[in-house]
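Take a look at the protein model shown here. Keep the sequence beside you as you read.

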Amino acid sequence: MASMSRHLIDPFNRRISYLRLSVTDRCDFRCSYCLPQDHRDFAEPAHWLTFDEIEQVVRAFASLGVRRIRITGGEPLARRRLSQLAARLHAVPGIEDLSLSTNANQLKKHAIALKAAGVSRINVSLDSLRADRFMEITGTGRLPKVLEGLMAAKAAGFAPIKINMVAMKGINDNEIPDMVRFCIGHGFTLRLIETMPVGDTGRHAVDHYLDLSEVREQLAQEFDLVPAVMPGGGPARYLQVRNTDLRIGFITPISQHFCETCNRVRLAVDGTLYLCLGQENSVALRPLLRAGISDMDLGEVLTAAIAKKPERHEFREQPEKIVRFMSYTGG
Ligand code: SAM
Ligand code: SF4
C-alpha cells in the first residue's frame, strides 16, 4: 500500500484532504433549490458503489493524505445500513474526521447508531421553523420529525451540530433572526448558504439569490457580532454573537468565492469522482473498481485525477453550465 505520508497537491498548490461522498442521489424531500418535485431519474441501484467499493476508494484516498470524509447525498439516511458503512469508513487508517449531512427526517432512529459508528459531526439542513414555509420549501410536512431528529442528535452527544440554512430572498430571509435565536437556545451552530446554480432547480432558486453580506449587515443591527473561528475544514467565514456560544458561518460561493482554499473532491453515488462542484471534470471510478483495480493502481488514478482539478467554479460567469443535481454530486 502507498505510504501514509503521501499528499495530494493539485496544480494550484492546494492540498486535497477532504472527500465528500454521495451515498445515494435519492431523497425523501424535494427542496426547491435542489430536486424537482417530479424527479424520477435517479441512478440505477446496480450503479451505486457498494460499501466494499466505497471503502476501497476511501482507503486509497486516505493513503494519499485525505483525512476528512463527509457522508452526504441525496439523503444519506435513505441508504440502508448507513451506520455500518460509517463504522467501516471510521476504521480506515488515516481517517480522522467522519461527518454527515442530513435533512434529519430519519435522524431520530439513527442518531445513537451513527454516533457509535464514529460519526463525530452532523450538519442538518433547516431552512425554516414555520410549518407552512417548511412545506413550501421541502415539499413535505416533516418539520416536527426534523426537530425531533435534531434533539435526538443532541442527546446522542453530537457536537457541534450545524444548521445549514439556504438563505433565499423573499422566501426565508425574514426568518434568519429567528433561526439565530433558535440556534442560541439549543447550542447549535448556524451556517447561512448562498444559492448556487447547480441543476435546473438550483438555477431557478438563483431568482431568490441573496448576497450574504447584506444579511450580515442586517444581523449586525440586531446582534453584537464579533469575528470567530470554527474547526471543520469548511469554507464558511464565522462570526460569533457576543456573550453567547453561537457562531454564524457565511458560505458565499457566489458573492465571495473561496476556490483558492478548496481542499475537497466529491464522489457521486455511481462512482464518478468530480473534481469541482461547478465544473464537469470527472473520472469514472466504478468501471475500474468493478474490474478489480488494486489499491496501489487506484492511488495512481486518484493522483492523476487531482492533477486535473480545475482552478475554480464559474457559477457567476456560466450559471447554465452544471446540469447535474446537487443530490447526485453530493452537496
Ligand atoms: N440531504 C442532505 C441535506 O439536505 O443536508 C445532504 C445533501 S444536500 C444536497 C447538502 C447541502 O446542499 C444542503 O445543506 C443543501 O441545503 C445544499 N444545497 C442543495 N442545493 C443547493 C443549491 N442549489 N444552492 C446551495 N446549496 C444547496
Ligand atoms: Fe434532499 Fe438535501 Fe436536496 Fe433537500 S437539499 S432535496 S434534503 S438532498
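## Ground rules

This is a predicted model, in which local features need pLDDT of at least 70, side-chain atom pairs count only at pLDDT 80 or more, and totals for chains, interfaces and linings use all residues. Residues are numbered from 1 along each chain as its sequence is written, chains are lettered from A and ligands numbered from 1 in the order in which they are written, and side-chain values use heavy atoms, with hydrogens and water left out.

## The nonpolar core

Start inside. A nonpolar core is a set of buried Ala, Val, Leu, Ile, Met, Phe, Trp, Tyr and Cys residues joined through side-chain atoms within 4.5 Å. Buried means under 20% relative accessible area, exposed means over 50%, and partly exposed lies in between (1.4 Å probe, protein chains only). The largest core here has 102 residues. Leu 19, Leu 190, Leu 192, Leu 219, Ile 248 and Leu 273 touch the most other members. Helix α1, residues 51-63, gives the most to this core, with 7 residues. Another core lies apart from it, with 6 residues, among them Trp 48, Ala 268, Val 269 and Tyr 328. In soluble globular proteins, nonpolar side chains tend to be buried together.

Helices and strands are DSSP runs, numbered from the N terminus: helices are H or I with at least four residues, and strands are E with at least two. Contact means heavy atoms within 4.5 Å. Leaving aside neighbours within four places in sequence, Leu 19 is in contact with residues including Val 58, Phe 61, Ile 69, Val 265 and Leu 273.

## Ile 69 in strand β2

Ile 69 lies in strand β2, residues 68-72. Is Ile 69 buried or exposed? Ile 69 counts as buried, because its relative accessibility is 0%. Not counting residues up to four places away in sequence, Ile 69 touches Tyr 18, Leu 19, Leu 21, Val 58, Leu 89, Ile 95, Asp 97, Leu 98 and Ser 99. Thr 303 is 234 residues away along the chain, and the two C-alpha atoms are separated by 18 Å.

Thr 272 is found in strand β11, residues 272-274. Its relative accessible area is 11%, so Thr 272 is buried. Its side chain makes a polar contact of 2.9 Å with the side chain of Asp 270. A polar contact is a pair of N or O atoms within 3.5 Å; within protein, one must be able to donate a hydrogen and the other to accept it, and residues adjacent in sequence count only if both atoms are side-chain atoms. Beyond four places in sequence, Thr 272 touches Arg 266, Leu 267, Ser 282, Val 283, Ala 284 and Tyr 328.

Now take Ala 284, in strand β12, residues 282-284. Ala 284 is partly exposed, because its relative accessible area is 44%. Leaving aside neighbours within four places in sequence, Ala 284 is in contact with Gly 271 and Thr 272. Glu 317 is 33 residues from Ala 284 in sequence and 27 Å away in space, C-alpha to C-alpha.

Ser 83 lies in helix α2, residues 82-90. At 17% relative accessibility, Ser 83 counts as buried. Not counting residues up to four places away in sequence, Ser 83 touches Ala 113, Leu 114 and Ala 117.

Arg 142 is found in the loop between α4 (131-138) and α5. Its relative accessibility is 37%, so Arg 142 counts as partly exposed. With residues up to four places away not counted, Arg 142 touches Phe 29, Asn 105 and Phe 134.

## Backbone details

Which peptide bond is cis, with omega near -5°? The bond from Ala 159 to Pro 160 is. Pro 160 lies in the loop between α5 (143-155) and β5 (161-166).

Asn 13 has a positive phi of about 65°, although it is not a glycine. Asn 13 sits in the segment before β1 (18-22) and counts as exposed, at 67% relative accessibility. Ala 104 also is not a glycine, and its phi is positive, near 70°. Ala 104 lies in the loop between β3 (97-102) and α3 (107-117). At 0% relative accessibility, Ala 104 counts as buried.

## The second largest pocket

On a 1 Å grid over the protein atoms alone, a pocket is an open set of points where a 1.4 Å probe fits, with protein on both sides within 12 Å along at least five of seven lines; lining residues have an atom within 4 Å of a point. The second largest pocket has a volume of about 160 Å³. Grid points are joined across faces, edges and corners, and a volume is the space filled by probe spheres set on the points.

Its lining is Thr 24, Trp 48, Phe 51, Ala 78, Arg 79, Arg 80 and Arg 81. By class, the lining has 3 nonpolar, 1 polar and 3 charged residues. Here Ala, Val, Leu, Ile, Met, Phe, Trp, Tyr, Cys and Pro count as nonpolar, Asp, Glu, Lys and Arg as charged, and the others, Gly among them, as polar.
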